[in-house]
Amino acid sequence: MERLQIEVEASARHIHLTAEALETLFGPGYALHKKRDLSQPGEYLSEEKVRIEGPRGAIDKVSILGPLRKGTQIEVSLTDARVLGIKPPVRLSGDIAGSAGLTVVGPAGTLVLAEGAVVAKRHIHLIPETAERYGIVDGQIVSVVVGGERGLTFDQTAVRVHPNFADRMHIDFDEVNAAGLPGEVMGTVILK
Ligand SMILES: [Zn+2]
């Protein structure tokens, strides 16, 4: 069977906010300003940035992604976690129960979160048509091979299937750098 080739995209550290959290950080009635659309339909990078603070260090100019969500979530790399002095679990987006605490600082206020910081589990977004064509199901764990000078295999890649997705793999910058990826590359999906 032909193997699925997937575009591998780097996901920089970012934060998703609830409407309430946005108001705490930026003031009552505040709305995000879209800077550009992301590859996943409806998702966008905003103009707004915040500072995140952990017990050991802080990181400035962390991007806020829109639209607003039902839970506030901060996605950092393991390198970021070391700088901040926190131990976030590796999770898929939305699964924040029992994750690491962090403080978020905006121009109008501060949010002290008991949980919400995670390291994003590497994942693939697929539309149902692509998943079906390659015999892949939602929730499946696959491996993805990338080539090049530091080529490697990303095991433990979770697949999420939804009609509102665009076909992409998402990894963080620790993973991008481990593989020495030069920019946009295609990965080969290996089914277990
Ligand atoms: Zn993603």
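Start at valine 50: leaving out residues up to four places away in sequence, this residue touches Ile15, Leu25, Phe26, Ile59, Asp60, Lys61, Val62, Ile64, Val104, Val105 and Gly106. Keep in mind that you're looking at a predicted model. From here, we can look at the nonpolar cores and then at one histidine.

**The largest core**
- The largest nonpolar core has 24 residues, and Val50 is among the ones that touch the most other members, along with Ile15, Ile52, Ile74 and Val104.
- As a bit of background, nonpolar side chains tend to be buried together in soluble globular proteins.

**A second core**
- There's also a separate core of 20 residues, and its members include Ile6, Phe154, Val159 and Val185.

**Histidine 14**
- You'll find histidine 14 in strand S2, which covers residues 14-16.
- With a relative accessible area of 5%, histidine 14 counts as buried, because the cut-off for that label is under 20%.
- A polar atom of the histidine 14 side chain sits 2.9 Å from the backbone oxygen of alanine 12.
- The side chains of histidine 14 and histidine 16 are joined by a polar contact of 3.2 Å.
- Setting aside neighbours within four places in sequence, histidine 14 is in contact with Val62, Ser63, Leu65, Gln73, Ile74 and Glu75.
- Two of those names have come up already: Val62 is also touched by valine 50, and Ile74 belongs to the largest nonpolar core.

Conventions: Residues numbered from 1 in each chain as written. Predicted model: local features only at pLDDT ≥ 70, side-chain atom pairs only at ≥ 80, totals over all residues. Heavy atoms only, no water. Helix = DSSP H or I, 4+ residues; strand = E, 2+ residues; numbered from the N terminus. Buried < 20%, exposed > 50% of the residue type's maximum accessible area, 1.4 Å probe, protein only. Polar contact = N/O pair within 3.5 Å; in protein donor to acceptor, adjacent residues only side chain to side chain. Contact = heavy atoms within 4.5 Å. Core = buried A, V, L, I, M, F, W, Y, C linked by side-chain atoms within 4.5 Å.
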